[in-house]
Amino acid sequence: MAQSSWTRPTVATLLTGVGPIKHGVHRAEHSLGADLRLLPERLGDFGYATAGFTANGNVQEKFGFDRGFDEFWFHNRATAEQLVELALGWLDGVRAEDPDRPFFAMIVSIEPHDGYEPAEPFRARFADGIDDAEIGTVEFVKQPRLKQRASTRPGGATAAAL
């Protein structure tokens, strides 16, 4: 379950194991502090090779997300496919050096955002029966009378009744 509605505090939680109140990343100006050890730091202590690959501006060096990674790449315009290719190249290098070395790789892409259309089987699993293409867009979320909109589910209540 996501600990926040946006990337920086959510990834901070994943890497620290504590929520936003404890790790202190919950506003745009916040960065990871040095007081908590990150997962890649801990894994490095056990001999893991660690690398982070991100195209998300909220997960980059200037916010402390590179800490503990042997390799860390932030590419602002990289696609998920490009990040995976970078990660696989890195992993090939790790395997060539020591085929038995454990590793941790983090890939944070930017694609699943506004306008994202989930592929099957995910659409059927999580959005079955929702035919309104407007739902989920930024414009929809910003509607001032969102609470008055009726549910698209059969027999569903209005958002205000929930």
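What pattern does the protein follow, read along the sequence? I read it as α-α-α-β-β-α-β-α-α. The model is a predicted one, and I kept that in mind for everything below. I counted 6 helices and 3 strands.

**Overall figures**

I looked up burial next. The protein has 162 residues, and 28% of them count as buried. The accessible surface comes to about 10600 Å², with 54% of that area belonging to carbon and sulfur atoms. I then turned to contacts between residues at least 6 apart in sequence: 44% of these join residues at least 24 apart.

**Helix α1**

How many of the 10 residues of α1 are buried? I found 9, so the helix is largely enclosed by the rest of the structure. The buried residues are Thr-7, Arg-8, Pro-9, Thr-10, Val-11, Ala-12, Thr-13, Leu-15 and Thr-16. I checked what covers them, and the cover includes α2 (20–23), α3 (39–45) and β3. Just after α1, I noted Gly-17 with a positive phi of about 85 degrees.

In soluble globular proteins, nonpolar side chains tend to be buried together.

I went back to Val-59 and asked which residues it contacts, leaving aside its neighbours within four places in sequence. The list has Thr-7 and Val-11, then Thr-54, Phe-65, Phe-72 and Phe-74, and finally Met-106 and Val-108.

**Aromatic pairs**

A pair of aromatic rings is described by the distance of the centres and the angle of the planes. I recorded both values for two pairs. The count of aromatic pairs comes to 5. For Phe-69 and Phe-72, the ring centres are 5.6 Å apart and the planes lie at 45 degrees, so I logged the pair as tilted. Phe-69 and Phe-72 are both buried.

Trp-90 and Phe-103 make an edge-to-face pair, at 6.3 Å centre to centre with 70 degrees between the planes. Trp-90 belongs to helix α4 and Phe-103 to strand β3, so this pair ties together parts that are 13 residues apart in sequence. Are these two residues buried or partly exposed? Trp-90 has 11% relative accessibility and counts as buried, because the cut-off is under 20%. Phe-103 has a relative accessible area of 33% and is partly exposed. I also found Trp-90 and Phe-103 in one aromatic cluster with Phe-53 and Trp-73.

**Surface patch**

Which residues form a nonpolar patch on the surface? I found Val-84, Leu-88 and Ile-107, with about 220 Å² of accessible area together. Leu-88 sits in helix α4, which spans residues 80–97. I looked up the relative accessibility of Leu-88 and got 42%, so this residue counts as partly exposed.

An α-helix has 3.6 residues a turn, so residues three or four places apart point the same way. I left the entry there.

Definitions and conventions:
Residues are numbered from 1 along each chain as its sequence is written. This is a predicted model: local features need pLDDT of at least 70, side-chain atom pairs count only at pLDDT 80 or more; totals for chains, interfaces and linings use all residues. Side-chain values use heavy atoms; hydrogens and water are left out. Helices (H or I, at least four residues) and strands (E, at least two) are DSSP runs, numbered from the N terminus. Buried means under 20% relative accessible area, exposed over 50%, partly exposed in between (1.4 Å probe, protein chains only). Contact means heavy atoms within 4.5 Å. Accessible areas come from the Shrake-Rupley method with a 1.4 Å probe; for residues, only the protein chains shown count as cover. Patches are made of residues with over 30% relative accessible area and no salt bridge: like charges are joined within 9 Å, nonpolar side chains (Val, Leu, Ile, Met, Phe, Trp, Tyr) within 5 Å. A salt bridge is a side-chain nitrogen of Lys or Arg within 4 Å of a carboxyl oxygen of Asp or Glu. Rings of Phe, Tyr and Trp (its six-membered ring) pair if their centres lie within 6.5 Å; planes under 30 degrees apart count as stacked, over 60 as edge-to-face and the rest as tilted.
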